[in-house]
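Please examine the sequence and the structure shown here before reading on.

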Amino acid sequence: VRDRQIKIDGDYSDWSEQDKIFSDNDGPECDNLPGRDLKDVYIAKDKIFIYLRFVTNGQLDSSFQYLFGNEDLHMRVYQDNGAFKVSYSSGNNTILNTSNVLPNTYIHVTGNQFEAKLFNLETWTNKTMHAWVDQGRETVCRDNVSLPILLMK
């Protein structure tokens with residue numbers, strides 16, 4: 001993962017092809033319904049934050065959530081009262097008792113993509129990570145992607 005800062009402002013020109021860690025080339029998921037098929041995942045980092053960018057096959061679906069992480073901790077982007085939010089959640093509830101919503105300045109959504117920043121946590125260092133799109137435990141479909149082990153120094 002490249003060491004650099006990304007400004008969370010909806011201007012995606014500060015992202016580089018070198019930041020892309022996943023590109024979908026196996027065909028559409030979830031009947032190719034808009035916002036339900038994860039197309040590209042980008043990641044960068046600095047000493048404090050991990051920066052993420054997700055690109056989907058259409059406008060983000062307000063009934064779905066967009067996730068990044070592992071079995072211990074994941075980030076989720078979801079819509080609440082008309083606004084997209086980013087929070088941390090613990091899959092097994094051993095790290096967090098509840099979801100912690102980050103400030104609005106930590107996410108920017110534009111059409112079929114978003115960029116977000118999260119605190120650079122040791123629990124994600126040198127671990128297998130996943131990115132996925134779904135509605136929660138019970139969902140009409142799930143696009144789940146295994147990412148390479150993220151080497152962060």
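The paragraphs below treat the strands and then the nonpolar core.

This is a predicted model, in which local features need pLDDT of at least 70 and side-chain atom pairs count only at pLDDT 80 or more, while totals for chains, interfaces and linings use all residues. Residues are numbered from 1 along each chain as its sequence is written, and side-chain values use heavy atoms, with hydrogens and water left out.

Strands are DSSP runs (E, at least two residues), numbered from the N terminus, and two of them pair if DSSP finds at least two bridges between them. An open sheet is formed by 6 strands in the order β7-β6-β5-β4-β10-β11, with antiparallel pairing. Its edge strands, β7 (100-101) and β11 (143-146), each pair on one side only. Within this order, β4 and β10 are antiparallel over 5 bridges, and G69 stands opposite H130 in β10.

β3 pairs with β2 in the antiparallel sense over 7 bridges, and the two form a hairpin with 3 residues between them. V41 stands opposite F54 in β3. A further 7 bridges join β3 to β9, again antiparallel; here F54 stands opposite F114 in β9. Of the 8 residues in β3, 8 are buried (under 20% relative accessible area, 1.4 Å probe, protein chains only). F49, Y51, R53 and V55 lie on one side of β3, and I50, L52, F54 and T56 on the other.

A nonpolar core is a set of buried Ala, Val, Leu, Ile, Met, Phe, Trp, Tyr and Cys residues joined through side-chain atoms within 4.5 Å. The largest one has 41 residues, among which F68, M75, V86, L118 and W124 touch the most other members. β3 gives the largest share of this core, 6 residues.

Definitions and conventions
Buried means under 20% relative accessible area, exposed over 50%, partly exposed in between (1.4 Å probe, protein chains only). Helices (H or I, at least four residues) and strands (E, at least two) are DSSP runs, numbered from the N terminus.
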